[in-house]
Amino acid sequence: MSQTKFNTQRLTTSAVMIALATILAMVCAIIPFLNLPFGGGFTIASMLPIVIIAYMYGMKWGFFTAGVYSAIQIVMDLYLGKGSTIMALFMPNSDDFMGYGAAVAILIIDYLVAYTLLGFGGIFRNKIKNKTVALTLGAVLALSLRYIAHIISGYIFYGAWAEWFFTQDNFYAIGGWILDSFSGKGLALVYSIFYNGLYMIPEIVITAVAAIAVSKLPVIKKN
């Protein structure tokens with residue numbers, strides 16, 4: 001295959017996969033029970049197409065594709081109405097306003113960094129011969145890194161919600177124990193791990209299962 005044909009194929013495949021990831025994310029975003037009331041929600045393996053690109057074409061191209069997808073995520077949230085929350089971060093009269101520096105940092109960590117980390121999905125492509133294992137472990141690692149990015153953001157910017165969160169009726173059983181055991185920065189970290197885990201852990205499991213399934217397809221191959 002000539003380099004020109006390869007580049008065209010790579011661009012076309014990546015565009016299709018980005019579109020597929022976006023459609024899956026948009027569909028899941030309008031299903032109420034998949035989304036948490038204060039941000040975040042799990043999807044039906046919407047990030048797997050980006051992980052597949054990283055596996056097929058390598059991490060460098062995977063990071064580029066994931067970076068494009070991260071920007072699309074911001075635009076998509078604006079389009080779907082979640083943008084009211086995003087915009088509120090920059091409005092001084094909003095309850096969500098933490099300062100322009102914090103607002104920019106949240107967008108960078110929760111969107112640009114968190115989703116670009118999906119490029120790590122291709123980290124095992126030349127290290128593990130078994131395609132199923134390489135793709136699945138790559139997916140788990142990439143999404144786990146995204147989870148960590150959200151934990152960092154939540155710890156820094158949303159820790160003040162921790163005490164209120166763990167006093168809600170839905171978390172009465174564990175909330176009391178957590179509040180008795182942690183305080184201050186420790187409580188903020190536990191809150192961020194717990195809250196973001198509510199959607200990221202199911203997302204990781206769903207994506208891993210889907211990766212095992214689609215890895216059997218002949219079209220999923222290293223280029």
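Tutor: A crossing of two helices is left-handed if the near helix is turned anticlockwise from the far one by less than a right angle, and right-handed if clockwise. Helices here are DSSP runs of H or I with at least four residues, numbered from the N terminus. The model is predicted, so local features need pLDDT of at least 70 and side-chain atom pairs pLDDT 80 or more, while totals for chains, interfaces and linings use all residues. Residues are numbered from 1 along each chain as its sequence is written, and side-chain values use heavy atoms, without hydrogens or water.

Student: Is the crossing of α6 past α9 left-handed or right-handed?

Tutor: Right-handed. Their residues in contact divide into 18 nonpolar, nine polar and three charged (nonpolar: Ala, Val, Leu, Ile, Met, Phe, Trp, Tyr, Cys and Pro; charged: Asp, Glu, Lys and Arg; polar: the others, Gly among them).

Student: At what angle do α6 and α9 pack?

Tutor: Angles run from 0 to 180 degrees between N-to-C directions, with axes fitted to C-alpha atoms over the stretch in contact. For α6 and α9 the angle is about 160 degrees, with the axes 8 Å apart. The two helices are therefore roughly antiparallel (over 145 degrees; under 35 is roughly parallel, 65 to 115 roughly perpendicular, the rest oblique).

Student: And how do α5 and α6 cross?

Tutor: The axes of α5 (residues 100-116) and α6 (residues 131-157) come within 8 Å and cross at roughly 165 degrees, so this pair is also roughly antiparallel. Here the crossing is left-handed.

Student: Is phenylalanine 166 buried or exposed?

Tutor: Buried, at 2% relative accessible area, and tyrosine 191 is buried too, at 7% (buried is under 20%, exposed over 50%, partly exposed in between, with a 1.4 Å probe and protein chains only). Tryptophan 177 and phenylalanine 182 are also edge-to-face, with centres 6.1 Å apart and planes at 80 degrees. Tryptophan 177, though, is exposed at 54%, and phenylalanine 182 is partly exposed at 31%.

Technical notes. Phe/Tyr/Trp six-rings, centres within 6.5 Å; stacked < 30°, edge-to-face > 60°.
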